[in-house]
Amino acid sequence: MLTLGIETSCDETSCAVLEGLDKVRSNIISSSLFRHKPFGGVVPEIASRHSLEQIDFVFQEALDEAKIKSKDIDLIAVTEGPGLIGSLLVGVSFAKTLAYGLGVPLIGVNHLEAHLSANFIGHKEPAHYVGLLVSGGHTILVYQKKGKSTRLGETVDDAAGEAYDKVAKILGLGFPGGPVIDKLAKEGNPKAFKFTKPKQKGYFDFSFSGIKTAVLYLVEKQDVGAPPRGRPQLLFSGPAQGPAPPLLNSQFVNDVCASFQYAVVAWLVEKTLAAADVKKVADIVVGGGVSANSYLRKRLPEEAAKRGLKVWFPPNRLTTDNAAMIARRGAELFRRGRRSSMKLTGNANLKLG
Ligand code: KG4
Ligand code: ZN
């Protein structure tokens, strides 16, 4: 069976062809990230226009690379949500038109569940597991059993990736912040600054806005050219790309990156392991852009191994948004009997479960 996956939930436009559940025949991704960089974040209108321009080419390229014709497609899986509504509508409209024209079944996929499914391409999915979803828009702990997700907890404010992006902005490191902070943290002292652990009402909830503010105060306290309170973005806007502004000492920047990353990863690891204990699972599955983080990839398996738990991380190329994971999740749901009707539409706030 050949599944066409379509992903247009944010700044990527992607089409993939998956054979069965395990063989990726093609996975074409056109990113509009370079168009957003000057603005320091994703601009929804630019993202949806990019998808509209690119979707035909990306689809054709996915067919060519998979060496198939459109009539060979058996199933179409498309991201239904959550995400940016303009971008979602491009993918969903394209998928519905194609499914109607080809007379093949259509299935709407939850983008967050698909991030976890990226782990199972070429591997058998565990019967039940705790999933940690960490991206630029979400930080959620879920329990998955027989293809069904139950939410255990989530961030009450910023997502983990969002905190990386905001801290990078405060330090003048450009957008997106995750990869650059991950890199500079390796040159810094993780014990240089201690950040207070946030307390939430929900046992499995997270909070990352406090640490971002703590970093802002640290930067303000630097005596050279420290920006006045409340207006840091004016002094720190600078070029969207490029090195830290010269007014911040590079060792200070590295130490902030290392200490920030140390704290964020410690909090993610602690709650994820607590959830695994409570749900009595043997597997922890991580997905989303932040799953590329080198320190999380080191620390979570180290701590999980002490409890005899296995941790799954997707291959690096599948950590960011891609259509192969959408096809994998769609094919799995199709086997379980799920179908979508032609009433399918984009849902910016689609929930898990
Ligand atoms: O899942 P994703 O590609 O898009 C969303 O759906 O949000 O995640 C993007 C997020 C960004 O916030 C980016 O800074 C973060 O993932 N990210 C990382 C790393 N690589 C990307 N965060 C920490 N460490 C990384 N190595
Ligand atoms: Zn994503």
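## Salt bridges

In this predicted model, 18 salt bridges are counted, a salt bridge being a side-chain nitrogen of Lys or Arg within 4 Å of a carboxyl oxygen of Asp or Glu. Local features need pLDDT of at least 70 and side-chain atom pairs count only at pLDDT 80 or more, while totals for chains, interfaces and linings use all residues. Residues are numbered from 1 along each chain as its sequence is written, chains are lettered from A and ligands numbered from 1 in the order in which they are written, and side-chain values use heavy atoms, with hydrogens and water left out.

Arg35 pairs with Glu53, their closest N and O atoms being 3.4 Å apart. Because Arg35 belongs to helix H1 (residues 33-36) and Glu53 to helix H2 (residues 44-66), this pair ties together parts that are 18 residues apart in sequence. Helices (H or I, at least four residues) and strands (E, at least two) are DSSP runs, numbered from the N terminus. Arg307 forms a salt bridge with Asp277, at 3.8 Å between the closest N and O atoms. Arg307 lies in the loop between helix H10 (294-306) and S10, and Asp277 in helix H9 (residues 250-279), so parts 30 residues apart in sequence are tied together. Salt bridges with shared partners also join Lys298, Arg299, Glu302, Glu303 and Lys306 into one network.

Strands S2 (residues 12-19) and S3 (residues 23-31) run antiparallel and are joined by eight bridges; two strands pair if DSSP finds at least two bridges between them. Thr13 stands opposite Ser30 in S3. Three residues separate the strands of this hairpin, in which Gly20 takes a positive phi near 60°.

The side chains of Glu19 and Arg25 form a salt bridge of 2.7 Å, N to O. Glu19 is partly exposed at 30% relative accessibility, and Arg25 is partly exposed at 25% (buried means under 20% relative accessible area, exposed over 50%, partly exposed in between; 1.4 Å probe, protein chains only).

His111 is buried, with a relative accessible area of 6%, and Asp321 is buried at 13%.

## Helix H5

Helix H5 (residues 160-170) is mostly covered, with eight of its eleven residues buried. Among them are Tyr164, Asp165 and Ile170.
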